[in-house]
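Take a look at the structure shown here before reading on.

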Amino acid sequence: MKIGVDIGGTKIRAGLIAENGEVLKSVKAPCPNKEGKLAVLDFIAGLIDGLFTDEVNAIGVGVPAIVDDKGVVHECVNIPSWDAVDVKGYMEGRFNVPVSVRNDCNCYALGVKSSELGRGYQDVVGITLGTGVGSGIVINGQLYLGQNSCAGEIGEIPFRDKNYEYYCSSHFFKTRGTSGKDAADAADAGDPQAITLWKEFGANVADLLMVVMLAYSPQAIFLGGSLSQAFPYFEQAMRERLQAFPYKKVLDLIDIHAMDDPDIILAGAVA
């Protein structure tokens with residue numbers, strides 16, 4: 001068995017995972033993101049302690065940050081004290097099992113690739129739409145990282161007067177005086193302004209997907225993150241805007257799915 005950990009800015013989730021990828025047991029707790037480096041590491045280790053048994057032979061950690069090939073975390077977005085933190089070394093020293101540390105979006109991509117639906121594809125891009133925009137890239141069944149696991153930071157690509165993250169994440173809703181959750185609730189109640197807002201968001205997401213399709217031409221794109229839960233509100237506008245893609249054959253062949261299962265990143269962390 002293995003233990004997967006998903007470190008977010010507001011909460012941390014850890015799960016005990018069977019060899020078939022099933023999450024047998026999980027725990028979650030608010031992330032002490034204002035604490036110092038060691039305090040956060042100790043807190044995470046405490047969650048792992050609660051799941052650890054003699055049968056655990058590996059630990060995988062997903063974190064919203066740049067991770068180098070030694071498992072050192074750099075520039076963690078939501079934990080200010082985490083700059084150049086040797087997460088791999090600390091956890092291996094404490095638990096005496098191999099530890100892998102990856103960017104959380106890479107864990108998402110590996111998780112969807114190993115899912116029942118994802119196993120049918122060799123080339124996949126997983127995109128998370130939430131507080132920010134991130135992605136993980138799987139080519140020929142293998143995760144593509146680039147230097148310092150920085151490949152896939154598509155949210156930073158310039159778009160209009162800002163970047164794609166500004167228009168395809170929670171920032172989009174904040175600039176309009178609402179949140180993704182409130183906009184989804186309003187659309188569910190039939191609010192025409194909220195419905196129009198989601199259509200605009202869907203068109204923005206389509207523009208982002210066209211960049212991904214031109215850069216990687218994957219067989220499938222999976223959308224995760226909190227905003228993907230509102231896929232029914234923006235899917236139609238997204239697909240209508242995608243008709244502007246210049247290569248119709250590519251567009252006809254690609255599959256686009258929304259999948260925001262909280263177990264995906266945990267499974268991907270140990271994949």
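Leaving aside its neighbours within four places in sequence, which residues is isoleucine 127 in contact with? In this predicted model, isoleucine 127 is in contact with Tyr108, Val133, Gly134, Ser135, Ile154, Leu208, Leu209, Val212, Ile221, Phe222, Leu223 and Gly224.

Isoleucine 127 belongs to the largest nonpolar core, which has 39 residues. Ile127, Leu129, Trp198, Leu223 and Met238 are the members that touch the most other members of this core. At least two residues of the core come from each of β9 (124-129), β10 (133-139), α4 (164-168), α5 (170-174), α6 (180-188), α7 (192-216), β14 (220-224) and α8 (231-242). Helix α7 gives the largest share, eleven residues. There is also a second, separate core of 33 residues, and Leu16, Val67, Trp82 and Val97 are among its members. In soluble globular proteins, nonpolar side chains tend to be buried together.

The aromatic rings come next. A pair of aromatic rings is described by the distance of the centres and the angle of the planes. The whole structure holds 15 aromatic pairs. One of them joins tryptophan 198 to phenylalanine 201: the centres are 5.5 Å apart and the planes are at 85°, which makes the pair edge-to-face. These two residues are three residues apart in helix α7, so about one helical turn separates them. Both tryptophan 198 and phenylalanine 201 are buried.

Tryptophan 198 also forms an aromatic pair with tyrosine 233, and this pair is tilted, with 6.1 Å centre to centre and 35° between the planes. Because tryptophan 198 lies in helix α7 and tyrosine 233 in helix α8, the pair ties together parts that are 35 residues apart in sequence. Are the two partners buried or exposed? Tryptophan 198 counts as buried because its relative accessibility is 0%, which falls under the 20% limit. Tyrosine 233 has a relative accessible area of 29% and is partly exposed. Tryptophan 198, Phe201 and Tyr233 also sit in one aromatic cluster, together with Phe172, Phe173, Phe231 and Phe234.

Not counting residues up to four places away in sequence, asparagine 204 touches Phe159, Arg160, Tyr167, Cys168 and Phe172.

Arginine 160, one of those contacts, is placed in the loop between β12 (158-159) and β13 (162-163). Its phi is near 50°, a positive value in a residue other than glycine. Arginine 160 has a relative accessible area of 51%, so this residue counts as exposed, the limit being over 50%. Arginine 160 also lies over the face of tyrosine 167, at 5.0 Å from the ring centre.

Glutamate 75 is in the loop between β6 (72-74) and β7 (85-86). With 55% relative accessibility, glutamate 75 counts as exposed.

Apart from residues up to four places away in sequence, valine 270 touches Lys2, Ile3, Gly4, Ile17, Gly60 and Arg102. The C-alpha atoms of valine 270 and glycine 111 are separated by 8.8 Å, although the two residues are 159 residues apart along the chain.

Now consider the whole chain. The protein chain has ten helices and 15 strands. Its radius of gyration is 19 Å, close to the 18 Å that the globule rule gives for 271 residues, so the chain is as compact as a globular protein of that length. Along the principal axes, the C-alpha atoms fill a box of roughly 55 × 40 × 30 Å. Of the 271 residues, 51% are buried. Among contacts with a separation of 6 or more, 64% are between residues 24 or more positions apart. The chain exposes about 12600 Å², and carbon and sulfur atoms supply 50% of this area.

Methods:
Residues are numbered from 1 along each chain as its sequence is written. This is a predicted model: local features need pLDDT of at least 70, side-chain atom pairs count only at pLDDT 80 or more; totals for chains, interfaces and linings use all residues. Side-chain values use heavy atoms; hydrogens and water are left out. A nonpolar core is a set of buried Ala, Val, Leu, Ile, Met, Phe, Trp, Tyr and Cys residues joined through side-chain atoms within 4.5 Å. Buried means under 20% relative accessible area, exposed over 50%, partly exposed in between (1.4 Å probe, protein chains only). Helices (H or I, at least four residues) and strands (E, at least two) are DSSP runs, numbered from the N terminus. Contact means heavy atoms within 4.5 Å. Rings of Phe, Tyr and Trp (its six-membered ring) pair if their centres lie within 6.5 Å; planes under 30 degrees apart count as stacked, over 60 as edge-to-face and the rest as tilted. A charge sits over a ring if NZ of Lys or CZ of Arg is within 6 Å of the ring centre and within 35 degrees of the ring normal. The radius of gyration is taken over C-alpha atoms; the globule rule is 2.2 Å times the number of residues to the power 0.38. Accessible areas come from the Shrake-Rupley method with a 1.4 Å probe; for residues, only the protein chains shown count as cover.
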